[in-house]
Amino acid sequence: MRRFHRTVIAGLLSSAAATALCGQQTPPPIALTLKRTLELALQNSKDIKIARIQASVADRAAMISKADFLPNLYVGSGAGYTYGIPEAPGGRAPSIFNVTYTEQVFNLPLRGAAKEQQEQAKAQKILLEDMRSAVIAGTATAYLELAKVRHSLELLRKENDSAEKILGVTQERAGEGLELPMEVTRAQLTKAQVAQRVLQLESRQEELETYLRDQLGLGPEQQFELAADELPGAAEQEGANLVALAMENNTDIRLAQSDVRAKEFRYRGEKGGRLPTVELVSVYSLLAKFNNYDQFFQTFQRNNLNAGVQVQMPIFSARTKAAVGLADVNLQVAKATLENKKSQVSADVKKKTRRLREMDAAKEVARLQLQLAQQSVSALQSQFEEGKTNLRDVERARLEESDRWMAYLDATFQRQQAQVELLRTAGQIDKVME
């Protein structure tokens, strides 16, 4: 009976363990298109989240500089013991309770600094857009490369089968004295090279899958299938107007333009330092008799209110002259930087356009080489069926075809990568998502 109980309990434990293991099974793979992959990356990218926070910080900083031109109301107390004439630090009279109101009405240096800060906040939003473009470009490139790597691995596994057959035939012929030992070594080398390339591609595949899981917010064990490995047609059809588009949309140029605007605001503001400043001020104070006001002043009034406009007229200000000179120099530097960026971006777009044409030519060469290798395999297969050639020659042709396939895949990916880089430089990376 005890043995029966132990058997039943062991069976129940085994069933429970099996159920637990079933509950921990790896989730089924999900199918990802390029567009869906980019959408998930934009939703889950940590870099975009950080850039968004930085843009929010810049907005808050701009609000601080703008606050001087908004109503500011303060309440407080300056109560304290006095001996002699009643006064407190800062020149104000000791008071039980006080209310202060300030608001800048006309102050060009402060206004210029506030507008400069606001323009810098806008520049941070441009950096947010740039991070978004970087995520799209990086994710699209990783997606396309992973598709290429997975396809190449399939070809290499077929190559491994062909290398096995070649090695078997060569060893058999060597055993019959029909081949030199060198041919066996050559066949072994071919097989070892295929195995090495498989390991290299498997490592790269793991790196790309890890990167994409992190970008897309997927679990570490989540598998996924790639539904396509081509850029959309809209991304393939950009014409010769890319330089003009880059002048309007390139991030570096937009940042340089924003910097010029910010420096112009600061320069105009500092020049306005020669004009008067106007500020609304109002102070209410509740005074106490224990501060001996009645001993030093003819009359004592408990409630006191002062309100009006404070105007300051600069007669001579060495600081204003120096600030204007510094702002002018900074503005000239910003303008020179903008022109330099335009020249660099124009040259970069032309360079990447030429590289794209070169990649087109390389892809066409790889396509024709692949076509020739396929035709060679077809011809040798027909000869083999007629008994005019041997299996080893056929498998060698298959190895050559597989190599040409991988060369074509590499050329296609290089072309796609060049296209993505060109679109990003021209500020047209969103075309990849169409």
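Modeller: The largest pocket has a volume of about 330 Å³. On a 1 Å grid over the protein atoms alone, a pocket is an open set of points where a 1.4 Å probe fits, with protein on both sides within 12 Å along at least five of seven lines, and lining residues have an atom within 4 Å of a point. The volume is the space filled by probe spheres set on the points, which are joined across faces, edges and corners. The model is predicted: local features need pLDDT of at least 70 and side-chain atom pairs count only at pLDDT 80 or more, while totals for chains, interfaces and linings use all residues. Residues are numbered from 1 along each chain as its sequence is written, and side-chain values use heavy atoms, with hydrogens and water left out.

The lining comprises 17 residues, and S133, N249, T251, R424 and G427 lie nearest the centre of the pocket. At least two lining residues come from each of helix 4 (108-175), helix 8 (251-271) and helix 11 (391-425). Helix 4 supplies the largest share, four residues. Helices (H or I, at least four residues) and strands (E, at least two) are DSSP runs, numbered from the N terminus.

The largest nonpolar core has 39 residues, of which L34, L38, I429 and V432 touch the most other members. Among the elements giving two or more residues to this core are helix 4, helix 5 (181-216) and helix 11, and helix 4 gives the most, 14 residues. Such a core is a set of buried Ala, Val, Leu, Ile, Met, Phe, Trp, Tyr and Cys residues joined through side-chain atoms within 4.5 Å.

W405 is partly exposed, with a relative accessible area of 25%, whereas Y408 is buried at 18%; buried means under 20%, exposed over 50% and partly exposed in between (1.4 Å probe, protein chains only).
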